Amino acid sequence: MSPRLTLVTAGRVLRQIRHDPRTIGLLVVVPFVLLGLLAWIYKNTPVFDSIGAPLLGVFPFVVMFLVTSIATLRERRSGTLERLLTLPLGKGDLLGGYAVAFGALAAVQAVIATASSVWALGLDVAGSTWLLLVVAVFDAVLGTALGLFLSAFAATEFQAVQFLPAFVLPQFLLCGLLVARDELPAFLHAVSAILPLSYAVDAMRTITTDASGGADVARDMGIVLAFAVAALAAGSATLRRRTD
């Protein structure tokens, strides 16, 4: 990989997204609106404090997964990817550029969602707010990496969207957000232990409830980062120039 080519690719992706207001709205506005709706529904109850922080990990993961998988597929179907790979641009440079670009967008998304949740919606967390922000960014990068990887297996945008209920929804159900992972049946608990979103939610919940849980958060984020790196490596190996 070449750092220069990776940054050039990231710049191109960001310029394209700048001219797509719907994508910007999905990235920036939708998570805030959903969190605001949740806070409104559970006003004057402890529910929002309980699940608000974990959802700060789930929402960026889901949004970045969807946006990245569709954007990569469009590049391939339009022939842009094929033209780019005729240049001295490796697959690692391409996927690294996407990861950097969407990682930057994830940071913006995480700042807006975290700041609005804590200061506008009154989310109460025992740990550090900046750590909450870091974890949200990591979760968004994980969604980006998995979206880049799975986009290689989709032939149409409709198929890319189908990966959302097929791949993301089971993680949502088993990550411990709805039912504590320790209370799941033994088999489902074992499955949840190999799903990356479980560790993202664990980290967010630790920040919410334990001011001294930095070591546990660091461990969970190490696992999330390992999943993201593995997904990017697998995406680089399976990336195709075109979709026939």
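Which helix gives the largest share of the lining of the second largest pocket? Helix H9 (residues 196-209) does, with three residues. The legends below return to that pocket after an overview. The model shown is predicted.

**Figure 1. The overall fold is built from helices, with zero strands.**
The protein has 10 helices. Read along the sequence, its pattern is α-α-α-α-α-α-α-α-α-α. Of its 244 residues, 48% count as buried. Among contacts with a separation of 6 or more, 79% join residues 24 or more positions apart. The protein exposes about 11400 Å². Carbon and sulfur atoms supply 69% of that area.

**Figure 2. The largest pocket holds about 420 Å³ of space.**
Its lining counts 16 residues. Closest to the pocket centre are Asp20, Thr23, Val67, Ala71 and Arg74. Helix H1 (3-18), H2, H3 and helix H5 (91-120) each give two or more residues to this lining. H3 gives the most, with six residues. By residue class, the lining of the largest pocket divides into nine nonpolar, three polar and four charged.

**Figure 3. The second largest pocket holds about 150 Å³ of space.**
The residues lining this pocket are Cys175, Gly176, Ala180, Arg181, Asp182, His189, Val201, Asp202 and Arg205. Four of the lining residues are charged, three are nonpolar and two are polar. Helix H9 supplies three residues, the largest share. Arg205, part of this lining, is the subject of the next view.

**Figure 4. Arginine 205 sits in helix H9 and reaches the backbone of glycine 176.**
The side chain of arginine 205 comes to 2.8 Å from the backbone oxygen of glycine 176. Both residues belong to the lining of the second largest pocket. Beyond its neighbours within four places in sequence, arginine 205 is in contact with Ser50, Pro54, Gly176 and Leu177. Isoleucine 51 is 154 residues away from arginine 205 in sequence. In space, the two are 8.0 Å apart, C-alpha to C-alpha. Is arginine 205 buried or partly exposed? Its relative accessibility is 26%, so arginine 205 counts as partly exposed.

**Figure 5. Serine 116 is a buried residue of helix H5.**
The relative accessible area of serine 116 is 9%. That value is under 20%, so serine 116 counts as buried. A polar atom of the serine 116 side chain lies 3.0 Å from the backbone oxygen of alanine 113. Not counting residues up to four places away in sequence, serine 116 touches Phe32 and Leu121. Helix H5, which holds serine 116, is also one of the elements giving two or more residues to the lining of the largest pocket.

**Figure 6. Asparagine 44 has a positive phi although it is not a glycine.**
Most residues other than glycine have a negative phi. At asparagine 44, phi is about 65 degrees. Where does asparagine 44 lie? Its place is in the loop between helix H2 (21-41) and helix H3 (47-77). H2 and H3 are among the elements giving two or more residues to the lining of the largest pocket. The relative accessible area of asparagine 44 is 75%. That is over 50%, so asparagine 44 counts as exposed.

Definitions and conventions
Residues numbered from 1 in each chain as written. Predicted model: local features only at pLDDT ≥ 70, side-chain atom pairs only at ≥ 80, totals over all residues. Heavy atoms only, no water. Helix = DSSP H or I, 4+ residues; strand = E, 2+ residues; numbered from the N terminus. Buried < 20%, exposed > 50% of the residue type's maximum accessible area, 1.4 Å probe, protein only. Contact = heavy atoms within 4.5 Å. Areas by Shrake-Rupley, 256 points an atom, 1.4 Å probe, with all protein chains shown as cover. 1 Å grid on protein atoms, 1.4 Å probe; cavity = no way out; pocket = protein on both sides within 12 Å on 5 of 7 lines; lining within 4 Å. Points joined across faces, edges and corners; volume = space filled by probe spheres on them. Nonpolar A, V, L, I, M, F, W, Y, C, P; charged D, E, K, R; others polar. Polar contact = N/O pair within 3.5 Å; in protein donor to acceptor, adjacent residues only side chain to side chain.
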